[in-house]
Amino acid sequence: MRTTWDRVRDAALGVWAVAALVYLFVPIFIVALFSFNDNKGRFNFTFQGFTLRHWEHPFAVEGLQTAFVNSLVIAALATLIAVILGIGVALATIRYRFRGRTAIESLVLLPLATPEVVLGAALLSLFLVGGVVRGFVTILLAHIMFTLGYVVLTIRARLEGMDLHIEEAAMDLGANEWQTLRKVTLPLIAPGVAAAGLLAFAISLDDFVITNFVSGQTQTFPLFIYGAARQGLPPQVNVLAIALLLIIVALMFLNLAVQRRAGQRDAAASAVLVR
Amino acid sequence: MDQHSAPDIALDGITKRFGDTVAVDDVSLEIPKSSFFAMLGPSGCGKTTTLRMIGGFEDPTEGRIELAGQDVTRVPPYRRDVNTVFQSYALFPHLTIERNVAFGLQQKKVPKAEARKRVAEALELVHLEGMAHRKPNQLSGGQQQRVALARAIVNRPRALLLDEPLGALDLKLRRQLQLELTRIQRDVGITFVHVTHDQEEAMSMADTIAVMNKGRIEQLGSPTELYERPRTAFVANFLGVCNLMEATVVARHSDVVELDTADGARLHVAADRVNGSAEGGRLRVGVRPEKLRLAPVGQASGTNVLRGHVTDASFLGVMTHYVVQTAAGASLTIVAQNDGGEGLELIGPGREVDVTFSPKHCFVVEEEHDDA
Ligand SMILES: Nc1ncnc2c1ncn2[C@@H]1O[C@H](COP(=O)(O)OP(=O)(O)O)[C@@H](O)[C@H]1O
Ligand SMILES: [Mg+2]
């Protein structure tokens, strides 16, 4: 029997859910909407008419293209290097007991727990003391450092659930350490590596605080937006932000779809077994 | 050493310590070609560790390992001519059954056509012809077990190392696969080293059994030898139920040794079973339950007669289990075949009985050495 109370509760729950979704998506919607704004002058605060102009010429603002490309290149390189290093660190700290293992573990994970301002300031003074010219390379180094912890955590989670004997079996069948890594370990941790890479890419792409400390004259997309915001954001920023969002969401769905396919195969397999 | 007469596997003074734990303690043994060798012992006695050292997955703390006369003590697993069937099967989950089985051949760069043929043969050997294109998680436990076996055997190694290969299967499947394993071993003629804690499994399958306890080999021999003439109480008890009685040597003859039990009964034991104990020496005499005969008081004849009363009798159809308390307080387990068709009237619970057994069915075990 559904009582009035039940109905009231269901309705309230529905309203609540809609409110939460609105809260989450309205800002994104506004950003998307204003990428189509046919604005006059510097400001992009009131909707003055629909246009595809900004989508057709997303780089029409000076310096935006360089900043955007810098961000993409830095994110891609930092992800690549952090993933390669992260696989090594995760394998070493899970598979082997050695002197200094705990030290390495905590050092890699430390940036996760440190406030970004502190990290940024510390890096800045390090580079100043060392006389390092700040720019592309220092940004890249900083990004590798703070994404590494996330990569290691994600890959470790995958490795921990893996039967050690599978790798021993490969060696038993004639594969040396390197062949075992290539033919068995990497394929098995691939979903973890993909997730780790996605995470590192997203984190690197939108970092502002640390980048701001170590960037020197080099601009990244977040730095550009911050600078531009003082004189009014050009709608091209909205265009690129939404484009980035779409790219990352697409990658996430791809990752999900691949993993779900694997999951469905497993489920189908169990169904066959139960018979 | 001559390459041709060298045993397939030889361990020489192998010890493995993990920190303070001594997992394997000074083990030496030789496993001859084409034998079915079992390592039997309770959980934690060092069986897996020994096997892993032969496979190359653990380095011995001390000692030498030889395969066919070659020292392989420091050789990595991928350069040892042995293959392992892991207890967890350890199949490659991302590869099909066919590619799992082909893995070793690919590593050895066996030509494609030959590899395909050998994989098909191996799958046929374990009755999995139709499963070649499935993934491991689409197979049942028993089928995965067979894949693990095929994946190892297809390489035609010098020896196959099996770590409790049937441990995860239910009883019925286990019995069936025991028969299959023995058949396969006979067919391919490869040396099998089979680790198990199941004494029936070891006895029914192996030519030779090494009984392990606390990292050491307690006794090594054929199943009959170990069952009929165990040298230690541990082996006697691990391979089945046994009755042990304290006794003192009173006289030695050429064929028998006479001993007295605590309750004054005189026992005769075949002399070749009693090594070196002089008169007055204290021993433990063992007899298997099925070697004991029960008779109503006074009706027994024979060299060894013990008086007691039945405290428990359970009729199981094929046989009857009795527990008899002797005058000295020892409790004897007796299994009597139901070949006469009599019930429990004559020798039921509470009755006084005589227990008899032949001197040639006795064995003598060493005093317990408690050095744990
Ligand atoms: N990697 C290891 N680290 C520490 N102790 C171990 C390790 N492997 C085995 N041991 C110890 O060695 C002993 C023998 O273990 P194992 O060879 O696995 O016995 P079994 O296979 O007969 O059950 C046990 O006490 C076990 O706890
Ligand atoms: Mg074990």
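Select B:D354 first. This residue is buried, with a relative accessible area of 3%. Keep in mind that the model is predicted.

**Stop 1: the partner of B:D354.** B:R307 sits in strand 16 (residues 304-315) of chain B, and B:D354 in strand 19 (residues 352-357) of chain B. The two residues are 47 residues apart, so the bridge links distant parts of the chain. Is B:R307 buried, exposed or partly exposed? With 43% relative accessibility, B:R307 counts as partly exposed.

**Stop 2: a network in chain A.** Select A:R101, A:E105, A:R156 and A:E160. Salt bridges with shared partners join these four residues into one network. Over all chains, the structure holds 33 salt bridges.

**Stop 3: back to chain B.** Show B:K16 and B:E58. Their side chains meet in a salt bridge, 4.0 Å from N to O. This pair also links distant parts of the chain, 42 residues apart. B:K16 is in strand 1 (residues 9-18) of chain B. B:E58 lies in the loop between helix 1 and strand 4 (62-67) of chain B. Both B:K16 and B:E58 are buried.

**Stop 4: across the chains.** Select B:R52 and A:E168. Their side chains meet in a salt bridge of 2.7 Å, N to O. B:R52 lies in helix 1 (residues 47-55) of chain B and A:E168 in helix 7 (residues 164-172) of chain A, so the pair joins two chains. B:R52 counts as buried at 16% relative accessibility. A:E168, at 15%, counts as buried too. How many salt bridges are there between chain B and chain A? The count is 1.

**Stop 5: the whole interface.** Display both contact surfaces. Here 25 residues of chain B are in contact with 23 residues of chain A. The buried area is about 2,100 Å², and carbon and sulfur atoms give 59% of that. Highlight B:Y78, B:H94 and B:Q107. In chain B, these three lose the most area to chain A, together 29% of what that side buries.

Between the chains, 10 residue pairs are in polar contact. On the chain B side, strand 6 (82-85) and helix 2 (97-107) are the elements that give two or more residues. That side divides into 11 nonpolar, 10 polar and 4 charged residues.

**Last stop: zoom out.** Colour chain B by domain. Domain 1 spans 9-228 and domain 2 spans 241-366. Their centres, taken over C-alpha atoms, are separated by 40 Å.

Definitions and conventions. Residues are numbered from 1 along each chain as its sequence is written. Chains are lettered from A and ligands numbered from 1 in the order in which they are written. This is a predicted model: local features need pLDDT of at least 70, side-chain atom pairs count only at pLDDT 80 or more; totals for chains, interfaces and linings use all residues. Side-chain values use heavy atoms; hydrogens and water are left out. Contact means heavy atoms within 4.5 Å. Buried area is the accessible area (1.4 Å probe) that two parts lose on being put together, summed over both. A polar contact is a pair of N or O atoms within 3.5 Å; within protein, one must be able to donate a hydrogen and the other to accept it, and residues adjacent in sequence count only if both atoms are side-chain atoms. Helices (H or I, at least four residues) and strands (E, at least two) are DSSP runs, numbered from the N terminus. Ala, Val, Leu, Ile, Met, Phe, Trp, Tyr, Cys and Pro count as nonpolar, Asp, Glu, Lys and Arg as charged, and the others, Gly among them, as polar. Domain bounds come from an automatic or database domain assignment. Buried means under 20% relative accessible area, exposed over 50%, partly exposed in between (1.4 Å probe, protein chains only).
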